[in-house]
Amino acid sequence: MCGRYSLATADPAAIRARFPVGESVAIATRYNVAPGDQVLAVTADREGVPRGELLRWGLVPSWAKTPETGLKMINARVETADARPAYRRAFERFRCLIIADGFYEWRALPNGYKQPHHIARSDGKPFAFAGLWSLWRRDEEHALRSCAILTTAANATVAPLHYRMPVILANEHERAWLDPATAQPALRGLLRGLGSDEITARPVGRAVNDARYDGPECLSPPPEGAQAALF
């Protein structure tokens with residue numbers, strides 16, 4: 001699964017140069033993005049023109065009775081997203097890029113603690129998770145735009161930490177994933193994610209364990225004694 005991630009290592013100008021987010025969307029440095037937060041994403045209009053916007057992390061289907069439904073729907077499995085009622089329409093028509101530069105996973109230790117790790121591209125560059133988005137309306141004046149991150153089986157780098165991982169799109173697949181005109185059979189081929197040789201995982205301190213904390217210590221190495229205990 002993916003329950004926390006970061007967008008901390010690139011300045012806003014670099015993000016705008018890399019992704020079609022436009023100039024009107026605020027880009028914040030985030031060390032510890034958590035479910036329920038507003039996240040930077042790229043969607044497409046009906047003509048397929050990309051647009052940057054902020055979406056709430058936790059997809060709320062259009063038919064949901066309350067927006068709290070989304071807090072349980074932060075991830076969607078690639079194996080079933082095109083068939084499950086909660087995600088099927090989004091998979092067909094409302095796909096998005098969710099911009100990040102890393103995500104967190106926790107490894108269980110013999111002493112009962114869980115050691116957080118930060119997983120990023122080997123080249124350190126920002127990337128896009130494959131995402132789905134939805135529009136939920138309470139009434140004509142109140143609307144909520146929300147999203148979920150697609151997950152797949154973990155590759156060899158992530159498997160020691162967790163059996164699932166978010167789908168990081170290859171750069172050349174981003175536009176096709178975003179384009180509503182991409183044929184359904186072709187979508188599966190875009191969701192393989194990056195290989196184990198294209199990402200790295202490193203232990204970080206436990207500051208990230210607190211979802212309310214969003215500072216640079218989330219990416220700091222663990223204390224020297226704790227680092228030694230990992231090996």
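1. Leu7, Ala10, Asp11, Pro12, Ile15, Ile27, Ala28 and Thr29 line the largest cavity. On a 1 Å grid over the protein atoms alone, a cavity is a set of points where a 1.4 Å probe fits but cannot get out, and lining residues have an atom within 4 Å of a point. Its volume is about 30 Å³, and a search of the whole structure turns up 1 cavity of 30 Å³ or more. Volume here is the space filled by probe spheres set on the grid points, which are joined across faces, edges and corners. The lining splits into 6 nonpolar, 1 polar and 1 charged residues. For these classes, Ala, Val, Leu, Ile, Met, Phe, Trp, Tyr, Cys and Pro are nonpolar, Asp, Glu, Lys and Arg are charged, and the others, Gly among them, are polar.

2. A word on what you're looking at. This is a predicted model, where local features need pLDDT of at least 70, side-chain atom pairs count only at pLDDT 80 or more, and totals for chains, interfaces and linings use all residues. Residues are numbered from 1 along each chain as its sequence is written, and side-chain values use heavy atoms, with hydrogens and water left out.

3. Now the largest pocket, at about 480 Å³. A pocket is an open set of grid points with protein on both sides within 12 Å along at least five of seven lines. There are 24 lining residues, and Arg89, Arg93, Phe94, Trp133 and Leu135 are the closest to the centre. E3, helix H2 (85-93) and E9 are the elements giving two or more residues to this lining, and H2 gives the most, with 7. By class, that lining has 13 nonpolar, 3 polar and 8 charged residues. Helices (H or I, at least four residues) and strands (E, at least two) are DSSP runs, numbered from the N terminus.

4. The second largest pocket holds about 180 Å³ of space. Strand E5 (75-77) and H2 each supply at least two residues of its lining, with E5 providing the largest share, 3 residues. Also in the lining are residues including Met1, Lys72, Tyr163 and Arg164.

5. E3 pairs antiparallel with strand E4 (residues 50-57) over 7 bridges; pairing takes at least two DSSP bridges. Gln38 sits opposite Arg56 of E4. The hairpin has 5 residues between the strands, and Gly48 takes a positive phi near 85° there. E3 also runs antiparallel to strand E6 (residues 95-100), joined by 2 bridges, with Val42 partnered by Leu97.

6. On packing, the largest nonpolar core has 59 residues, and Tyr5, Phe129, Leu132, Leu150 and Trp177 have the most contacts inside it. Strand E9 (residues 127-137) gives the most to this core, with 6 residues. A second, separate core of 8 residues includes Ala8, Tyr31, Trp106 and Cys218. A core is a set of buried Ala, Val, Leu, Ile, Met, Phe, Trp, Tyr and Cys residues joined through side-chain atoms within 4.5 Å.

How values were computed
Buried < 20%, exposed > 50% of the residue type's maximum accessible area, 1.4 Å probe, protein only.
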